[in-house]
Amino acid sequence: MTKTHSPNHALTFQEDTFLSIPPTPTQLGDSTQAVHSGRLENPYHSIAEPLVSTATYTFEDTRAVSDYMRHKLWGEPLERSEYGRYGNPTITAAETRLAALEGAEEAVMFACGMQAISTLLLSLLSAGDHLIITDNLYRKTRQFCTSTLPRYGIECSVVPLNDRLALSAAIRPNTRLLFSESPTNPHNRLLDLEQFVEIAHRHHILTVVDSTFATPFNLRPIEWGVDLVVHSATKYLAGHNDLLAGVVAGKRELLAGLREFQGIVGAISDAYTASLLIRGLKTLGLRVQRHNENAQRIAEYLAAHPAVERVWYPSLPTHPDYAIGLRQYKGFGGVVSFTVKGDGESVARVLDALQIPLLAVSLGGTESLVSQPAVISYYELSRKERQALGIEDNLIRYSVGIEDAEDLIADLEQALRWV
Ligand SMILES: Cc1ncc(COP(=O)(O)O)c(C=O)c1O
């Protein structure tokens, strides 16, 4: 692995320099994979992934160009790239690690979660196709499916989550794809994966699940037969509220077209973001364990509090998907949503009184964040429209971080006096 100078004196590396190590065998534990999968050999012997920040790549001579293009046309695995929009070694390392964590053959990284979702759907669907989404989806995903895709001749139906009859009845001869999310944002509803996949398989329809809230440590949808998994990697996967990224993971044959489409539309991330994401992934197991534990304690505390009306956390027997959670999920993540016995004004007083969580949208980072969905993510809707989506004025979404649970609970105790 030595540095060489090409005839035009540009600094290049010998061909094997950035070979990625073969994917880690799947029998290794999730945390081992989070720390090691996709590590690149590099000329500096550095543990941290080399941050290869480049727009393009040099070839030693014209023979190397034609060899490369021949491999590409035959669809053979490529050990290098020709241009930054088609590939980058640091991004490849992040993708390899993400694929190992999801138990997928391959993963494709994007600039954010919405770019992953929109690029995937545009690459899979054509005018005349129909897709079905479940209700309670992240608002922008729902908007993209119900408002943007119809402009390109793609129809969308919305069905209630886990409603077997409604889902079966919505299927048409041109239905190509079912899209769902689990746990959902913000009510932590859980998709019954067994039922969802069984219906899709019966009708030979592709399934896609947004697993952002779950992370591969709480749920691996591919193990339940789901075809493609998407994440806003901005949240738990990166984990530090310092970057935006998205990922789609699944079978290589399904992702080949997506990769090509990505190169056409330029829906790409960058090496710096990929290297930060890799760093975040190394501690994902530890963080998710802590998020799960902290959120569980806070959910139990809130459920017993006299000023709290209802708590949406799937480990509580009062949650509508408690039984599904017991059967299919390993944990429920860090988001606890709850309504207080008061109105929007009461919520504002509580949020202003809280001392530890920061008032911000987003979730899944080390810092606890709180928001009132009615006045931020759903602000422009009328109260009636918000209520139809279950977004009550007295709803608080609490993304529980990795701080000490005792401190977070003591803080809630003083703030809830303001209800
Ligand atoms: C469940 C879910 N999916 C997708 C997204 C979009 O991700 P991004 O903000 O990275 O585009 C979000 C953002 O909050 C989300 O919560």
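**Entry 1**

I began with strand 10 and strand 11 (residues 335-340), which run antiparallel and are joined by 4 bridges. Helices (H or I, at least four residues) and strands (E, at least two) are DSSP runs, numbered from the N terminus. Two strands count as paired if DSSP finds at least two bridges between them. I noted that this is a predicted model, in which local features need pLDDT of at least 70, side-chain atom pairs count only at pLDDT 80 or more, and totals for chains, interfaces and linings use all residues. Residues are numbered from 1 along each chain as its sequence is written.

Within this strand pair, I found Arg-310 opposite Thr-339 of strand 11. I then traced the open sheet of 5 strands, whose order is 10-11-14-13-12 with mixed pairing. Strand 10 (308-312) and strand 12 (358-359) have a single partner strand each, so one side of each is left without a neighbour in the sheet.

I next looked up the helices that accompany this sheet. Helix 10 (residues 284-303) packs on the sheet and touches strand 10, strand 11 and strand 14 (395-399). The direction of helix 10 makes about 15 degrees with that of strand 11. Helix 12 (residues 344-353) lies across strand 11, strand 12, strand 13 (369-371) and strand 14, and runs at about 130 degrees to strand 11. For such values, axes are lines fitted to C-alpha atoms, for helices over the stretch in contact, and angles run from 0 to 180 degrees between N-to-C directions.

Strand 7 (residues 206-210) and strand 8 (residues 228-232) run parallel and are joined by 3 bridges. I located Asp-210 opposite Val-230 in strand 8.

**Entry 1**

I consulted the domain assignment (bounds come from an automatic or database domain assignment). It gives domain 1 (1-112 + 240-282), domain 2 (113-233) and domain 3 (286-418). The centres of domain 2 and domain 3, taken over C-alpha atoms, are separated by 25 Å. I found 15 residues of domain 2 in contact with 21 residues of domain 3; contact requires C-beta atoms, placed from the backbone, within 7 Å of each other. The side of domain 2 that touches domain 3 has 8 nonpolar, 4 polar and 3 charged residues. In these classes, Ala, Val, Leu, Ile, Met, Phe, Trp, Tyr, Cys and Pro count as nonpolar, Asp, Glu, Lys and Arg as charged, and the others, Gly among them, as polar.

**Entry 2. A helix pair**

I followed helix 3 (residues 89-102) and helix 9 (residues 271-282), whose axes come within 8 Å and cross at roughly 30 degrees. The contact involves residues of helix 3, including Ile-91 and Arg-97, and residues of helix 9, including Leu-277 and Leu-281. By class, the residues of this contact divide into 8 nonpolar, 2 polar and 1 charged.

**Entry 3. Backbone details**

I noted a cis peptide bond between Ser-182 and Pro-183, with omega about -15 degrees. The bond from Asn-185 to Pro-186 is also cis, with omega near 10 degrees. Pro-183 is placed in the loop between strand 6 (175-181) and helix 7 (193-202), and Pro-186 is found in the loop between strand 6 and helix 7. Finally, I noted that His-45 has a positive phi of about 55 degrees although it is not a glycine. His-45 is in the loop between helix 1 (30-36) and helix 2 (62-73).

Technical notes
Two residues are in contact if their C-beta atoms, placed from the backbone, lie within 7 Å.
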